[in-house]
Amino acid sequence: AKSEREIIGKAVLRYRRRAGLSQEALAEKADIHPNYVGRIERGECSATITILLRIAKALGVRPYKLFLKL
């Protein structure tokens, strides 16, 4: 079973690619460090809800979509 971190990470990666953004571009839009984006996408760390809200806004998706297992 996938962990919550992996589900969120895959969703961030999917929506980032769909938006045509690099990790660096997403990081800049969300005002976080580019390395942090990579760690989130790989499921290596748990992002706070504040960070996830900023990422969702930067990606132009509703926050709940980051929690859906597809």
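Ile49, Leu53 and Phe67 together make a nonpolar surface patch of about 290 Å² in this predicted model.

**Surface patch**
- Leu53 has a relative accessibility of 41%, and because of this value Leu53 counts as partly exposed.

**Nonpolar core**
- The largest nonpolar core has 20 residues, and those with the most contacts inside it are Val12, Leu26, Ile32, Ile55, Leu59 and Leu66.
- At least two residues of this core come from each of helix H1 (4-18), helix H2 (23-30), helix H3 (34-41) and helix H4 (49-59).
- When its neighbours within four places in sequence are left aside, Ile55 is in contact with Val12, Leu26, Ala30, Ile32, Ile40 and Leu66.

- The residues Leu26, Ala27 and Ala30 are buried in H2, and because they cover an arc of only 100° around the axis, they lie on the same side of H2.
- An α-helix has 3.6 residues a turn, so residues three or four places apart point the same way.
- The cover over the buried residues of H2 includes H1, H3 and H4, whereas the face turned away from the buried side carries the exposed residues Glu28 and Lys29.
- After H2 comes Asp31, whose phi is positive, near 55°.

Terms used
Residues numbered from 1 in each chain as written. Predicted model: local features only at pLDDT ≥ 70, side-chain atom pairs only at ≥ 80, totals over all residues. Heavy atoms only, no water. Core = buried A, V, L, I, M, F, W, Y, C linked by side-chain atoms within 4.5 Å. Buried < 20%, exposed > 50% of the residue type's maximum accessible area, 1.4 Å probe, protein only. Helix = DSSP H or I, 4+ residues; strand = E, 2+ residues; numbered from the N terminus. Contact = heavy atoms within 4.5 Å. Patch = residues over 30% accessible without salt bridge, like charges linked within 9 Å, V, L, I, M, F, W, Y side chains within 5 Å. Areas by Shrake-Rupley, 256 points an atom, 1.4 Å probe, with all protein chains shown as cover. Salt bridge = Lys/Arg side-chain N within 4 Å of Asp/Glu carboxyl O. Arc of directions from axis to C-beta.
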